[in-house]
Amino acid sequence: MIGRRGVILGGGLLLAGCDRLVRDPGVNDALDRVAGLHQPGQRLIMGRDALAQEFGARQMSPDFRTNGNTDVEDAGWRAHAAEGFARWTLRVDGLVHRSLDLSLAALKAMTQRTQITRHDCVEGWSAIGQWQGPQLGQVLAMAGMLPTARYVVFHCADRTGDAPYYESIDLIDAFHPQTILAWGMNGAVLPIEHGAPIRLRVERQLGYKQAKYVMRVELRDSLAGLYGGKGGYWEDVAGYQWYAGI
Ligand SMILES: Nc1nc2c(c(=O)[nH]1)N[C@H]1C(S)=C(S)[C@@H](COP(=O)(O)O)O[C@H]1N2
Ligand SMILES: [Mo]
């Protein structure tokens, strides 16, 4: 379960063990671009690529509390929930070669990663839980990113008042080996209150980046012009940092 550290070779970022990604020239180009953007920067990239700590099953929190929205009002989402998300699909679009509509079955058929990690909320609580799902990087490789793609935006089904929840990350976090689209939690299907049918786990960042109820993954070259322009719901409404690294 644990493993796969990124290594720097000749300025490119390789995700050792992710052979399919490394063989995909589009992904290699994208990762080279990321390396270029963040130069001078091998040290920085090494830091960003380090794995979050993983825990043993006995360290899992008996109670994983919820935060933020714990249900969704959107009629479309509710109709999917009523049928166990059997006909729900995840939209992947924006700066990609091929837009995708992936069913839960398709996401579950991909190579899965299971990880037990600690979730840290800025409001002052933490919990250790187990998450299962495909790596986001695999999904992005399937869609094929265009050379202009720099950010991955997660559009969620829930809103607070008028404001939809959304979040975004850069390509370093998108291709981090522990960044997954989780449909499983603590050995069961992801419960509604924790973000069914899928939520993002981006383990090197704080709780508010872990978008629940993800409906659409959009590749963009900029975050300007999207809602409040700061790259996420809490960033827009409360001035939270866009990069919430831990
Ligand atoms: N769609 C959506 N995602 C969200 C939130 C939310 O309100 N809506 N809250 C965030 C915050 S602040 C935290 S701490 C975690 C809480 O996740 P949990 O409810 O599974 O504990 O989800 C994050 N992702
Ligand atoms: Mo949070």
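Start at G232, in the loop that links strand 13 (214-220) to helix 8 (233-238). This is a predicted model. How buried is G232? Its relative accessible area is 0%, so G232 counts as buried. The cut-off for that word is under 20%.

Now look at what surrounds G232. Set aside the neighbours within four places in sequence. G232 is then in contact with Y166 and E167. Next, find Y208. In sequence, Y208 and G232 are 24 residues apart. In space, their C-alpha atoms are 8.9 Å apart.

Step back to the whole chain. It has eight helices and 13 strands. There are 246 residues, and 51% of them count as buried. Take the contacts between residues at least 6 apart in sequence. Of these, 68% join residues at least 24 apart. The chain also has an accessible surface of about 11,000 Å². Carbon and sulfur atoms account for 52% of that surface.

Move on to ligand 1. Where does ligand 1 sit? Its place is in the largest pocket. There are 21 residues around ligand 1. Those that come nearest are R65, D158, H194, R199 and K212. Strand 5 (112-121) and strand 7 (151-160) each give at least two residues to the shell around the ligand.

Zoom in on single atoms. H194 uses its side chain: one of its polar atoms lies 2.6 Å from an oxygen atom of ligand 1. N69 uses its backbone instead, with an N or O atom 2.9 Å from an oxygen atom of ligand 1. Q210 also brings a backbone N or O atom, 3.0 Å from a nitrogen atom of ligand 1. How much of ligand 1 does the protein cover? On its own, ligand 1 has 530 Å² of accessible area, and the protein covers 98% of that.

Finish at R48, in helix 3 (residues 42-49). Is R48 buried or exposed? Its relative accessibility is 9%, so R48 counts as buried. The side chain of R48 makes a polar contact of 3.0 Å with the side chain of Y243. Again, leave aside the neighbours within four places in sequence. R48 is then in contact with D170, I172, D173, H176, R204 and Y243.

How values were computed
Residues are numbered from 1 along each chain as its sequence is written. Chains are lettered from A and ligands numbered from 1 in the order in which they are written. This is a predicted model: local features need pLDDT of at least 70, side-chain atom pairs count only at pLDDT 80 or more; totals for chains, interfaces and linings use all residues. Side-chain values use heavy atoms; hydrogens and water are left out. Helices (H or I, at least four residues) and strands (E, at least two) are DSSP runs, numbered from the N terminus. Buried means under 20% relative accessible area, exposed over 50%, partly exposed in between (1.4 Å probe, protein chains only). Contact means heavy atoms within 4.5 Å. Accessible areas come from the Shrake-Rupley method with a 1.4 Å probe; for residues, only the protein chains shown count as cover. A residue is near a molecule or strand if one of its heavy atoms lies within 4 Å of it. A polar contact is a pair of N or O atoms within 3.5 Å; within protein, one must be able to donate a hydrogen and the other to accept it, and residues adjacent in sequence count only if both atoms are side-chain atoms. On a 1 Å grid over the protein atoms alone, a cavity is a set of points where a 1.4 Å probe fits but cannot get out, and a pocket is an open set with protein on both sides within 12 Å along at least five of seven lines; lining residues have an atom within 4 Å of a point. A molecule sits in a cavity or pocket if more than half of its atoms lie within 2 Å of its grid points.
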